[in-house]
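Here is a short report for a first look. Please keep the sequence and the 3D view open while reading.

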There are 2 protein chains.
Amino acid sequence: MNKQPKYRQVADALRREIDNGTYPPGSRLPSESELSARFDASRNTIRNGLNLLVTQGLVSSSQGLGYEVTKHEVFELNASRFENLEFPQNGDAYSTDVTNAGRRPHQTFRVELTPAPAYVAERLKVEEGSRAVLRFCHRFVDDVPWSTQATHYPEWLVEQGPRLTEPGDIAEGTTRYLASLGIEQVGYFDEISARMPTPEEARLLEIGAGVPVLLWTRTGFSNDRPIRCTVTTFRGDLNRMNYEIGDLSARSENEPQ
Amino acid sequence: MNKQPKYRQVADALRREIDNGTYPPGSRLPSESELSARFDASRNTIRNGLNLLVTQGLVSSSQGLGYEVTKHEVFELNASRFENLEFPQNGDAYSTDVTNAGRRPHQTFRVELTPAPAYVAERLKVEEGSRAVLRFCHRFVDDVPWSTQATHYPEWLVEQGPRLTEPGDIAEGTTRYLASLGIEQVGYFDEISARMPTPEEARLLEIGAGVPVLLWTRTGFSNDRPIRCTVTTFRGDLNRMNYEIGDLSARSENEPQ
DNA sequence: TAGTGGTCTAGACCACCTC
DNA sequence: AGGTGGTCTAGACCACTAC
């Protein structure tokens, strides 16, 4: 018989009640003082227990309002189709996907010429600190911050593709633009990892405690060298990535229901 | 000028010192009472600040020892080559990868016939609760819990491939075994997401606060239907997945250094 | 104004690790 | 034994939200 500390008992009890539907997603938990009475514990102990649930992403709290059970709608991103030239689409793939899902996309955009960070330089096979074009997107869905995307192009590419440094969008998409210049992306290398957000990421994505970020790095290659490196940061609670590989004709047949 | 609460100042100061190398990965932070004196704050306030860093995955604490700056070695998993029949390997792909990395793999294994959970049933296109073979792996690298992997096969497959229910390993790999019976996996659909671990996952993977899990679901298809669904749970701090797509001959040329 | 969570303190006692 | 973090309490005051 190993006795759990009181704040864990509180957290476990509440977790069970959340799981069994006593407190459904979107609903509010009892206040700290109510819980304090119910569990015969000091307010600090209750807060300690609630804090566990917060860092586990089960509930979120706001001053003056209380604790709310989190609810997630996940957005699916098809990474293997994304910017596949065989699936023609106007403009940027992200906006298309979001609009198709019946949501309202919105993004801010900027272009810079900056020294490539070590992580990017390594992937672009250029020297650390050598310059690269950074095209940075901060994306929202229905005004909720959704992801940031930073694409770096090595400086040597700019001579052939001067529009890369233009501050506005490239209507047909940069991949298409480069292809029209004979610089074709024939393959890419994707890396995916997860971690807790840095304070900067937490600020941009308005992430509270208990929500990790999904990091997606795509390095694109022409026939003879890397031509771009895109680092995308997603809110982990709102996004799921997928890849379709091989023959999936059996997947779409006989859709359930 | 918006004043930060004291515990955030503590966390920010320590984070800066971790970033600039004052406390390198693996080193120990000053004790709570030392920090209490340095920041002229009560021990609880210091704990509050340290707890922020813990939930952000920057440090970990253990009773009697103190706070240690976390260090990560990440293991790369090539998901597009993984179990690709064109890259022949003996036995299971995971052990091969780990051994090649100079690490020592080890796993526990069990087989069950259980009702398929809703998530899996949906992907296997069978009714929720109908039976499925579950082959479950708990994997370690150098005795550190690394990932869990649960593969479900629909019950109808067992008639054709009775060895699926055998309690031991299938030496040539299940994918190969099924292929030898004419049930070929011609494509798969991968889904990747990240979230904080459930208490059960935290227990199996020995995850502390501040470390998310990476969830990887692979549904494999034959020509006419789904034949398996594999759910893998990774420690987010130790793993990174990657996909090679298209022609990457330019990637391996001129390796840096 | 009343109720919610957010910050902070001071102090007590316990559990674990090292010497 | 002495130092470390882990748990818990009681109480104070502040900031935000709702009505």
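Is B:Phe234 buried or exposed? B:Phe234 counts as buried, because its relative accessibility is 3% and the buried class covers values under 20%. Keep in mind that this is a predicted model.

**The stacked pair in chain B**

B:Phe234 has a ring partner, B:Trp216. The two ring centres lie 6.2 Å apart and the planes meet at 15 degrees, so the pair is stacked. B:Trp216 belongs to strand E8 (residues 213–221) of chain B. B:Phe234 belongs to strand E9 (residues 226–235) of chain B. The pair therefore ties together parts that are 18 residues apart in sequence. B:Trp216 is buried, with a relative accessible area of 3%.

**The edge-to-face pair in chain A**

Over all chains, the structure holds 5 aromatic pairs. One of them joins A:Phe75 and A:Trp146 and is edge-to-face. Its centres are 6.3 Å apart, with 85 degrees between the planes. A:Phe75 sits in strand E3 of chain A, and A:Trp146 sits in strand E6 (residues 144–154) of chain A. This pair thus links parts that are 71 residues apart in sequence. A:Phe75 is buried, at 7% relative accessible area. A:Trp146 is buried too, at 3% relative accessibility.

**Charges over rings**

| Charged residue | Ring | Distance to ring centre |
|---|---|---|
| A:Arg251 | B:Phe189 | 3.5 Å |
| B:Arg163 | B:Tyr177 | 4.9 Å |

A:Arg251 lies over the face of a ring in chain B, that of B:Phe189. For B:Arg163, the charged end sits over the ring of B:Tyr177.

**The sheet**

What is the order of the strands in the open sheet of 8 strands? The order is E3(A)-E10(A)-E7(B)-E8(B)-E9(B)-E6(B)-E5(B)-E4(B), and the pairing is mixed. Strand E3 (75–78) of chain A and strand E4 (105–115) of chain B stand at the edges. Each has a single partner strand, so one side of each is left without a neighbour in the sheet. From one strand to the next, the twist averages 20 degrees.

Which strand is joined to E3(A) by 4 bridges? That is strand E10 (residues 239–246) of chain A, and the two run parallel. A:Asn78 has its bridge partner in E10(A), namely A:Asn242.

The edge strand E3(A) carries A:Phe75.

Terms used: Residues are numbered from 1 along each chain as its sequence is written. Chains are lettered from A and ligands numbered from 1 in the order in which they are written. This is a predicted model: local features need pLDDT of at least 70, side-chain atom pairs count only at pLDDT 80 or more; totals for chains, interfaces and linings use all residues. Side-chain values use heavy atoms; hydrogens and water are left out. Two strands pair if DSSP finds at least two bridges between them. Axes are lines fitted to C-alpha atoms, for helices over the stretch in contact, and angles run from 0 to 180 degrees between N-to-C directions. Rings of Phe, Tyr and Trp (its six-membered ring) pair if their centres lie within 6.5 Å; planes under 30 degrees apart count as stacked, over 60 as edge-to-face and the rest as tilted. Buried means under 20% relative accessible area, exposed over 50%, partly exposed in between (1.4 Å probe, protein chains only). A charge sits over a ring if NZ of Lys or CZ of Arg is within 6 Å of the ring centre and within 35 degrees of the ring normal.
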